[in-house]
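Please look over the sequence and the model first.

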Amino acid sequence: MKINSQRSLIKLLKSSSPKAFRVFNFGCRVNAAEINQLSQFFINYGFTPSLVDNPQIILINTCAVTRKGENESLTKIRVLQKQYPQSLIIATGCANLNKIQNILTIDNILKDNILTNTNGYYSPKIGDKYTPHKRYLLRVQSGCTQKCSYCIVPQKRPHLWSLAPSTAVATIKKIEAEYNEIIITGVNLAQYQYGLTDLVKKIIEETKIKLISFGSIPLNCFNDEFLNLLDNKRIVKFLHIPIQSGSNRILKLMRRPYNQKKIINVFESLKSKIKNLSLGTDIIVGFPTETKADFQKTYNLCRKIGFKKIHTFRFSPRPNTEAQKLFDQNPKINKTELKSRSIKIRNLVNY
Ligand code: SF4
């Protein structure tokens with residue numbers, strides 16, 4: 001059953017007793033930031049994060065970027081239903097939650113509205129895997145309308161939302177005494193409506209946070225002004241910039257807004273302007289019709305750039321995407337070949 005409004009969620013929280021809740025999160029850093037902020041919202045209504053058996057409410061943020069990610073999210077909900085039959089499960093996020101009975105759901109648009117009220121804030125009491133390292137997830141953007149041909153996100157997060165720079169600064173001032181670093185995160189930071197450069201400038205000028213880093217930064221965010229800013233000593237010298245492929249033919253089929261020449265130009269500028277910079281990226285291997293020659297272009301480009309980290313994904317056909325049609329209409333790349341391509345890319349990185 002869908003929770004249709006913030007008011008009905010608040011009514012539910014106020015009427016619940018006792019007020020213990022647990023959270024589970026799947027997927028990206030945006031999801032991780034959201035589950036922390038939703039936890040804060042629950043705490044604001046008297047709930048306590050707890051590991052007790054049969055908490056009143058279990059909150060889960062799901063993922064659907066890959067088929068594997070979606071299946072893991074949905075399986076977890078089913079396991080929790082069996083494990084905690086007394087608990088009320090509230091699920092949100094990108095997975096197809098219609099597949100599960102007897103849960104409450106919050107869609108991503110309502111979630112954005114609810115989280116707008118938290119101004120990106122969650123208390124240091126709310127722990128996650130970043131907390132021990134005094135790193136704070138600052139969600140500044142949600143939604144994407146770019147429509148890369150393989151990606152399901154625009155279907156799940158069609159609504160663009162951005163955190164105003166003045167609100168971001170106010171939130172950082174609330175937490176800067178407890179944390180060393182903020183991680184600026186968004187679904188597509190290239191669609192941050194206030195301008196990423198202006199946001200980072202304002203944070204550097206108006207807060208005392210020691211370090212500023214980023215989740216994934218789209219290649220198209222890198223203009224001269226932003227490049228000049230990145231040399232600031234408070235900016236962490238690691239940038240994760242997804243390129244996905246090194247073949248112009250595949251990049252075009254993926255509907256990525258750049259080609260190989262642009263990739264090389266941006267990375268060369270970064271390396272020439274910023275000392276001691278480490279780089280990470282995302283690569284999809286086995287995109288429909290990817291030939292050995294296409295793959296070799298990706299491999300050569302990754303070797304040329306010299307990434308410290310590469311998240312390698314095997315192509316996963318997502319429902320109602322252009323790439324799924326391509327996948328259905330073309331011969332499949334065999335598993336052995338897919339495996340060998342993944343291994344070759346992974347071996348480029350000596351951790
Ligand atoms: S930019 Fe492309 S890959 Fe990233 S969320 Fe949007 S559609 Fe998906």
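## Overall fold

This is a predicted model. The protein has 13 helices and 12 strands. Its radius of gyration is 21 Å, close to the 20 Å that the globule rule gives for 351 residues, so the protein is as compact as a globular protein of that length.

Along the principal axes, the C-alpha atoms fill a box of roughly 60 × 50 × 35 Å. Of the 351 residues, 53% are buried.

## Salt bridges around Glu34

Side chains of opposite charge can pair when their charged atoms come close. In the whole structure, a search finds 15 salt bridges. One of them joins Arg139 to Glu34, with 3.0 Å between the closest N and O atoms. Arg139 belongs to strand S6 and Glu34 to helix H2 (residues 29–44), so this pair ties together parts that are 105 residues apart in sequence. Arg139 is buried, with a relative accessible area of 0%, and Glu34 is buried with a value of 0%.

Glu34 also forms a salt bridge with Arg157, where the closest N and O atoms are 2.9 Å apart. Arg157 sits in the loop between helix H5 (153–156) and strand S7 (161–162), while Glu34 is in helix H2, so the pair ties together parts that are 123 residues apart in sequence. Arg157 counts as buried, at 4% relative accessibility.

## A pair between two strands

Glu181 forms a salt bridge with Arg135, and their closest N and O atoms are 3.0 Å apart. Glu181 lies in strand S8 (residues 181–186) and Arg135 in strand S6, so the bridge ties together parts that are 46 residues apart in sequence. Glu181 is buried, with a relative accessible area of 9%, whereas Arg135 is partly exposed at 22%.

Salt bridges with shared partners join Glu34, Lys111, Asp112, Arg139 and Arg157 into one network.

## A buried glycine

Gly120 is found in the loop between helix H4 (108–116) and strand S6 (135–142). Gly120 is buried, with a relative accessible area of 1%. From C-alpha to C-alpha, Gly120 and Ala168 are 7.1 Å apart in space, and they are 48 residues apart in sequence.

Arg314 lies in strand S12 (residues 309–314). With a relative accessibility of 39%, Arg314 counts as partly exposed.

Terms used. Residues numbered from 1 in each chain as written. Predicted model: local features only at pLDDT ≥ 70, side-chain atom pairs only at ≥ 80, totals over all residues. Heavy atoms only, no water. Helix = DSSP H or I, 4+ residues; strand = E, 2+ residues; numbered from the N terminus. Buried < 20%, exposed > 50% of the residue type's maximum accessible area, 1.4 Å probe, protein only. Rg over C-alpha atoms; globule rule 2.2 N^0.38 Å. Salt bridge = Lys/Arg side-chain N within 4 Å of Asp/Glu carboxyl O.
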